[in-house]
Every structure is written in structure tokens, then in C-alpha cells.
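Please look through the sequence and the model below before reading on. The report then goes through the fold, the salt bridges and the pockets in turn.

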Amino acid sequence: TLRQLMARPAEPEKRLEIARDAVAVLARLGLGTPMSRLADELGVKRPTLHYHFPTRGHIVETALEELLTEQALFVMERVNRQTHPIDRLFAQICAVHAFHHGREARIVFLSQAIAASGERVKEIIDVGNRVFEAQRRATVELLEAGMANGSVVPCDAEALVNVIRALTDGLVAQRVMTDLDLAPVHEFLWTHLLSPLKKTRKKKR
């Protein structure tokens, strides 16, 4: 009720802490863990858990949004060191993999939780789209500007960005399953896909 909301203001940090710990418990005990058991494992009262998170779907949504926001900040810092659109695209895939290195299981588990829970799937997917859509649009625009000024070989910028996104996500999952060394993959990607798209603009006489 409105009175309850006024009496118990939101506690963002506490909520995030509970979400992080809850995801760790769900990863250990399974996605079917009842909310009552989850509350016991977290050392909080069940009404407190329900106040912050009515369902497990809300927990996954909050944990995923925090993780993706943290990832976006890390990646953009690395990407912004580059100026050429192709260099920025390569920096993006390397930065995502650097961010998750050794911790890939987190994002893979959250992805599995989304698929398995059946709760708030649209809302959870919207979280990812919100975090990445602005970045995706900006990348496409930079590539198209590069084509216009002669620094990028003409290509389908939308398709290229989508391929890089698919490779980025797929290789994170591959790391979990096979402990794949990504350095040779990055080298192959640069040599055979991205580097050939990079041009140096000719100076005007």
C-alpha cells in the first residue's frame, strides 16, 4: 500500500546486496529453491525478501541489470581509448571478455535462470536491451560515418555489429564449457574479419 511504501523507503544498496547473495544461493541450490528456503539461506525474514523481490524473476532481473551496467561501464572505458570505428569494435569484444574472464559462470547462470524461471522474461530481456541498445546504435552510426569519410570499407554496419554481439556472447558461453583460450580467437577475428574493413583516410592535397 501507499502507506507501507512511505513507511519503508527503498534501499537500493541493500536490495542489490540481497540480489547478489540470492543469485549465489540459487546457483548453489538450484533455481527451484522456494522463497522461504532462500530467505533462510540469506539470513533475512521471508517478508523482507518478498518486500524487495516478489518473485525469483525479480531477483534475476535486478542481478542482471547490475551486472550488465557494470559491464557497460567497463567496456566503454576500454572502447573510448580508441578512435577508429573498427578499432573500437575490436576493443569492445576484447573488453567484454576481459570483464567476464574467470567469472563467465555468472552471466551464463543468469541467462539460464531467465530461460528456466518463466517469470518476467520480457522485463528481463528488456533490461539487456536497455543497457546495450544505445551502445549498439552509436556503434552502427560510427561505422556508417567511417564509411562516409573513407575510413571503413563499405559493409552492412547493422549486420557487422550483430555478428560481433553474437560472437561476444557465444564465446563467453564457450569459455564456461571448454575453458577456451580466447587470444587466438581474437587474433583470427581481427586478422580475417575486422582488419580488412579498416582503411586509412587519404589526406587531401
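## Overall fold

Helices (H or I, at least four residues) and strands (E, at least two) are DSSP runs, numbered from the N terminus. The protein has ten helices and zero strands. This is a predicted model, in which local features need pLDDT of at least 70 and side-chain atom pairs count only at pLDDT 80 or more, while totals for chains, interfaces and linings use all residues. Residues are numbered from 1 along each chain as its sequence is written, and side-chain values use heavy atoms, with hydrogens and water left out.

A residue is called buried under 20% relative accessible area, exposed over 50%, and partly exposed in between (1.4 Å probe, protein chains only). Of the 205 residues of the protein, 37% count as buried.

## Salt bridges

A salt bridge is a side-chain nitrogen of Lys or Arg within 4 Å of a carboxyl oxygen of Asp or Glu, and by this rule the count comes to twelve. One of them joins Arg28 and Glu41, whose closest N and O atoms are 3.1 Å apart. This pair links distant parts of the chain, with Arg28 in helix α2 and Glu41 in helix α3 (residues 35-42), 13 residues apart. Arg28 is exposed, at 53% relative accessible area, whereas Glu41 is partly exposed, at 33%.

Another salt bridge connects the side chains of Glu133 and Arg136 (2.9 Å, N to O); these two residues are three apart in helix α8, so about one helical turn separates them. In a further salt bridge, Arg175 meets Asp179 (3.2 Å, N to O); Arg175 is buried, with a relative accessible area of 11%, but Asp179 is exposed, with 57%.

## A buried arginine

Which buried residue has no salt bridge? Arg88 is buried yet has none, and the nearest side chain of opposite charge, Asp87, is 9.3 Å away (Lys and Arg count as positive and Asp and Glu as negative; His and the chain ends are not counted). Arg88 lies in helix α6. Leaving aside neighbours within four places in sequence, Arg88 is in contact (heavy atoms within 4.5 Å) with Met76, Val79, Asn80, Gln82, Thr83 and Leu142.

## The largest pocket

A pocket is an open set of points on a 1 Å grid over the protein atoms alone, where a 1.4 Å probe fits, with protein on both sides within 12 Å along at least five of seven lines; lining residues have an atom within 4 Å of a point. The largest pocket has a volume of about 550 Å³, where grid points are joined across faces, edges and corners and a volume is the space filled by probe spheres set on the points. Of its 25 lining residues, the closest to the centre are Leu68, Gln71, Phe132, Arg165 and Asp169.
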